[in-house]
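Dear colleague,

I am passing on the structure we spoke about, placed just below, and after it you will find my notes on what turned up. Please read them with the model open beside you.

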Amino acid sequence: FEENNKVVISATEIEKNKSISNINILAIYKENDNGVYEKQEDGKIPQEGYTIDKEKSVCSNNAIPSWNKDTKSLIINNLSKSGTSCYLFYKLSLADKTLTKLFPDYETKDNGTKFLTGSNGVLRVTGVDEGDNKNTLYKAEDNDGVSYFFRGQANNNWVQFANMRWRIIRINGDGTIRMIFQCSGADCKDSTEKNTNVESGVAYKERPHDDNTYVGYYYGTVGANTYEETHKTLASNPSTIAEVVNSWYTASGLSNYEQYIDLNAGFCNDRQVVTGVNSSYNGTGIGTSATSYAAYGRVYKNGARDTQYPSLKCGVSAKTAEEQESNVEVDNVAYQRDLFTKMGANKGNEILPHPIGLITADEVLLAGGYWGGDNSSYYLYTKQYYWTMSPNYFTGSSTSVFRVDEKGRLSSDYVSGTYGVRPVINLKADITFSGGTGTSDDPYVVQ
């Protein structure tokens, strides 16, 4: 359709006819694994793992081409007259470049054991995944593009870095690599003991915690009269667990390896409010109003859902339990507020002193966990309790946050509970492995 000097053309239409709505597509080029652009003789737009190269793509009459990855359509703005012609160049997404470089022999899938991607991009988990999933990565959209994640046993996602062992959670949409702490020591292999936590017996937030603001990894103003002030992110108000994570970053020596750690990738503390989840918690997220938060709505609806709806997008705009089942659009205000990033980052709230955070409840579900389902066979199981970064609900007097329990289940507890801490970092997209096969006996080694 055409409006306001703009034309929107679906990829399907382009494949059928190169001249549509007075737009003539002269040629389409696709980047190969070696970074060379090759002409697509069939005239088809690559729809998976690619995005338009805005610097190379060009149209006549000063028209500006762009690509909507969600609707798989070409958008041409600034049309001045009919008869515009375009050369379009499509480059590999950043995540796909990392995938091709580090995991060239891996199979990628949209669906797996107890995991399904719906036609509208909504993810569905119906149970635990105990499978081997060797040399397999699953994919889903995050805020930056396509993300590739490990699921089930994932016996080949071990990494040696900074004299520690880590497990890869996923390749983020921006090509960076998200990892969770496993154990200390260049040759440690322990995956089911206390040393899988950098600290144990840590409260998410020590008292007081009798206000909605305390669901924050960093929190806002106690007793505020507006949602914005309640959930404003103040550098002066770190949670107890944020203080522990920040201190460990320096004490562990990770600060000496910061040239390998991405400073822009963030960690989601999703504080969006949802209703229709639990009849007792349909509040506003302000003060002492009993309130359900976004991740709670993805796993619970008047009882634990048989189908749970994780998301790798931070700040999804769904406001009701029903919308959680179909909506993957992002509220940009929520995204900027709840994506915790290091000071000076190019996105998020720029509140963290160090580029480190925690895993989310959604990432636990996609790794093979499940609300209320034991799983001793997936890679996040350690026989230990540890916190996630995802708010659950506020009762009117106390705050609840998600955790992983000693049976590998996704569960929750009040923030004064004392559990383990497993930090998460993101390696830069341009890192390489100097060796290893990714197993506990032969981990990947960051070069």
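Counting as a disulfide any pair of cysteine sulfur atoms within 2.5 Å, the chain comes to three disulfides. Please bear in mind that this is a predicted model, in which local features need pLDDT of at least 70 and side-chain atom pairs count only at pLDDT 80 or more, while totals for chains, interfaces and linings use all residues. Residues are numbered from 1 along each chain as its sequence is written, and side-chain values use heavy atoms, with hydrogens and water left out.

Cysteine 59 is buried at a relative accessible area of 10%, and cysteine 86 is buried at 0%, where buried means under 20% relative accessible area, exposed over 50% and partly exposed in between (1.4 Å probe, protein chains only).

Cysteine 183 and cysteine 188 form another disulfide, their sulfur atoms 2.1 Å apart, and its torsion about the S-S bond is about 90 degrees, so it is right-handed. A disulfide also joins cysteine 268 to cysteine 314 (S to S 2.1 Å), linking strand S20 (residues 267–268) with the loop between helix H5 (294–299) and helix H6 (332–338), 46 residues apart. Both cysteine 268 and cysteine 314 are buried.

Turning to the strands, which pair if DSSP finds at least two bridges between them, S16 (residues 158–161) runs antiparallel to S17 (residues 164–171), with four bridges joining them. These two strands form a hairpin with two residues between them, and alanine 162 in the turn has a positive phi of about 55 degrees. S16 is also joined by two bridges to strand S30 (residues 444–446), which runs parallel to S16, and there valine 159 stands opposite tyrosine 444.

A nonpolar core here is a set of buried Ala, Val, Leu, Ile, Met, Phe, Trp, Tyr and Cys residues joined through side-chain atoms within 4.5 Å. The largest has 78 residues, of which Phe103, Phe161, Tyr217 and Leu254 touch the most other members. Helix H4 (residues 240–251) gives the most to this core, with six residues. A second, separate core of 19 residues includes Ala11, Ile52, Ala63 and Cys86.

Finally, taking a salt bridge as a side-chain nitrogen of Lys or Arg within 4 Å of a carboxyl oxygen of Asp or Glu, the count comes to 18 salt bridges. In one of them, lysine 347 meets aspartate 144 at 2.8 Å, N to O; lysine 347 is buried at 11% relative accessibility, whereas aspartate 144 is partly exposed at 35%. Arginine 298 meets aspartate 270 in a salt bridge at 3.2 Å, N to O, and also forms one with aspartate 362, the closest N and O atoms being 2.7 Å apart. Aspartate 362 lies in helix H7 and arginine 298 in helix H5, so their pairing ties together parts that are 64 residues apart in sequence. Elsewhere, Asp142, Arg170, Arg178 and Glu363 are linked in a network of salt bridges.

With best wishes
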